[in-house]
Amino acid sequence: MSIRIDKNIIFDIYKKSCELYDILCKITKTRRFCVKLTINGGHSQGDPYVIRHGDRYYLYATGSDGVQLYTARDKTHWQYEGICFARAGEKEYWAPAVLFYEGRFWLYYSSMGEGETDTHRQHMCVAVSDRPDGGFVFAGELIPPFSIDAHVVLSGGELYMFYSTNDYE
């Protein structure tokens, strides 16, 4: 099966998202709700996921050696804290997402074995901690390869996980 992507459709989607941004700015009379991450320190912040706990914000980001962690008190001045989770024998920690549920922090992420070269070997895992800034302990693999981009939602007392797979082949 081959998929043909029409560049005009992609441009139309981009144009619509820009129009939506402009509408939101007019409604709120501000552009403050859109924060561009400008963090010094030589690290990228791919796939940022932000939660607030107490008086701090925690930003979790993709990292080749582990899940990166940044903290801020004001959503603007971020401090790189280091790797908050890594597991021996794994690499390429993609799109981390953290949910505070029943008094614990649940870190959902995708990774692959150190010896792997095919990114389609990414598998969805979860780690858990009593605090948002580290101490995460591997709890298990949730979904076999290829699974990435977890987003967990608590709705009506039930947990739902949305994610991406490569099952279109």
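1. In what order do the strands of the open sheet run, and is the pairing parallel or antiparallel? The open sheet of 4 strands has the order 1-2-3-4, with antiparallel pairing, where strands are DSSP runs (E, at least two residues) and helices are DSSP runs (H or I, at least four), numbered from the N terminus, and two strands pair if DSSP finds at least two bridges between them. Strand 1 and strand 4 are the edge strands, each pairing on one side only. From one strand to the next the twist averages 30 degrees, taken between axes that are lines fitted to C-alpha atoms (for helices over the stretch in contact), with angles from 0 to 180 degrees between N-to-C directions.

2. A word on the basis of these points: this is a predicted model, in which local features need pLDDT of at least 70 and side-chain atom pairs count only at pLDDT 80 or more, while totals for chains, interfaces and linings use all residues. Residues are numbered from 1 along each chain as its sequence is written, and side-chain values use heavy atoms, with hydrogens and water left out.

3. Strand 1 and strand 2 pair in the antiparallel sense over 5 bridges, and Tyr49 has Tyr60 of strand 2 as its bridge partner.

4. Leaving aside residues up to four places away in sequence, Ile51 has contacts (heavy atoms within 4.5 Å) with residues including Tyr60, Val98 and Pro132.

5. A cis peptide bond, with omega about -10 degrees, joins Pro145 and Phe146, and Phe146 is placed in the loop between strand 8 (137-143) and strand 9 (147-155). Asp47, in the loop between helix 1 (7-28) and strand 1 (49-53), has a positive phi near 55 degrees and is partly exposed at 40% relative accessible area. Glu92 in strand 5 (residues 90-101) also has phi near 55 degrees, and is partly exposed at 26%.

Notes
Buried means under 20% relative accessible area, exposed over 50%, partly exposed in between (1.4 Å probe, protein chains only).
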